[in-house]
Amino acid sequence: MLEILEFGIKDIIDIFLVALLLYYAYRLMKESRSLNVFMGIIIFVIMWLIVSQILEMKLLGSIMDKLVSVGVIGLMIIFQEDIRKFLFNVGSHRRMRRLRRILSLGRNDGEHLEISKKTLMPIVMSCMNMGRRKEGALIVIERSVPLDDVVQTGDIIDAHVNQRLIENIFFKNSPLHDGAMILSNHRIKAAGCILPVSHSLDIPKELGLRHRAAMGISQESDAVAIVVSEETGSISVAIKGQFHLRLTAEALESILTRELS
């Protein structure tokens, strides 16, 4: 009876945090199509608690203790990409972005906005022109997460953002038109880059490899990925694992201005 009375607010918070942790782990496993693995882990943990705490079976309990200690390291290796994605989502939360803005000193927001507008218009106009000609394109705009590893897979350009240059790179006979273009600090950093491809089952089947690559980079970073479909000429944007499909020039400019300014 005394133990029941000692159950207080601290225990409620403890149970709530554990339930929240299990819920986010469940969501993470479900999105990565590893739900069966998650359920297997839960069953093993329950068996471990029963054997070691309730039945107090020393030999079997000690064996399971060793498996748990080694298994945690194994799970971190197996699910390192999913763990990285989870931690990235935590760090890119809206409140975390506000904290980064507060901690960033000496930034001129007005100048940043003016430069962004000068940079965005060549991107919008080139996408519209390539869409009318049904020339496929994939443009990735780097934000707070560096894409240096992706840049190394392509050819370094390091040029000002220019409408003609963008259209020439994605011209059908260009050797770089199949890869992705990376924009960073208002410059074309590289072209012909290879992106991680998303294997999400939620992507519509009519969308091709460019769209899957755009989704992949948007899931692994906070980059904005613009896709011009070679089949239909339609323009799409992938941001944080979400697609904005069949965009007009005004809609594309609005999204880029909102996300990049």
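A polar contact is a pair of N or O atoms within 3.5 Å. The close-ups below come from a predicted model.

**View 1. S229 and its polar partners.** S229 sits in the loop between β5 (224-228) and β6 (235-239). Its side chain reaches the backbone nitrogen of E231 at 3.3 Å. The side chain of S229 also makes a polar contact with the side chain of T232, at 3.2 Å.

**View 2. The surroundings of S229.** Set aside the neighbours within four places in sequence. S229 then contacts K134, G136, H211 and S234. Is S229 buried or exposed? S229 counts as buried, because its relative accessibility is 6% and buried means under 20%.

**View 3. S218 in helix α10.** S218 belongs to helix α10, which covers residues 209-220. With a relative accessibility of 1%, S218 counts as buried. Which residues does S218 touch, not counting those up to four places away in sequence? They are A223, A238, I239, K240 and G241.

**View 4. A nonpolar surface patch.** Helices α3 (35-54) and α4 (58-78) each supply at least two of the patch residues. Which helix gives the most? Helix α3 does, with six residues.

Methods. Residues are numbered from 1 along each chain as its sequence is written. This is a predicted model: local features need pLDDT of at least 70, side-chain atom pairs count only at pLDDT 80 or more; totals for chains, interfaces and linings use all residues. Side-chain values use heavy atoms; hydrogens and water are left out. Helices (H or I, at least four residues) and strands (E, at least two) are DSSP runs, numbered from the N terminus. Buried means under 20% relative accessible area, exposed over 50%, partly exposed in between (1.4 Å probe, protein chains only). Contact means heavy atoms within 4.5 Å. A polar contact is a pair of N or O atoms within 3.5 Å; within protein, one must be able to donate a hydrogen and the other to accept it, and residues adjacent in sequence count only if both atoms are side-chain atoms.
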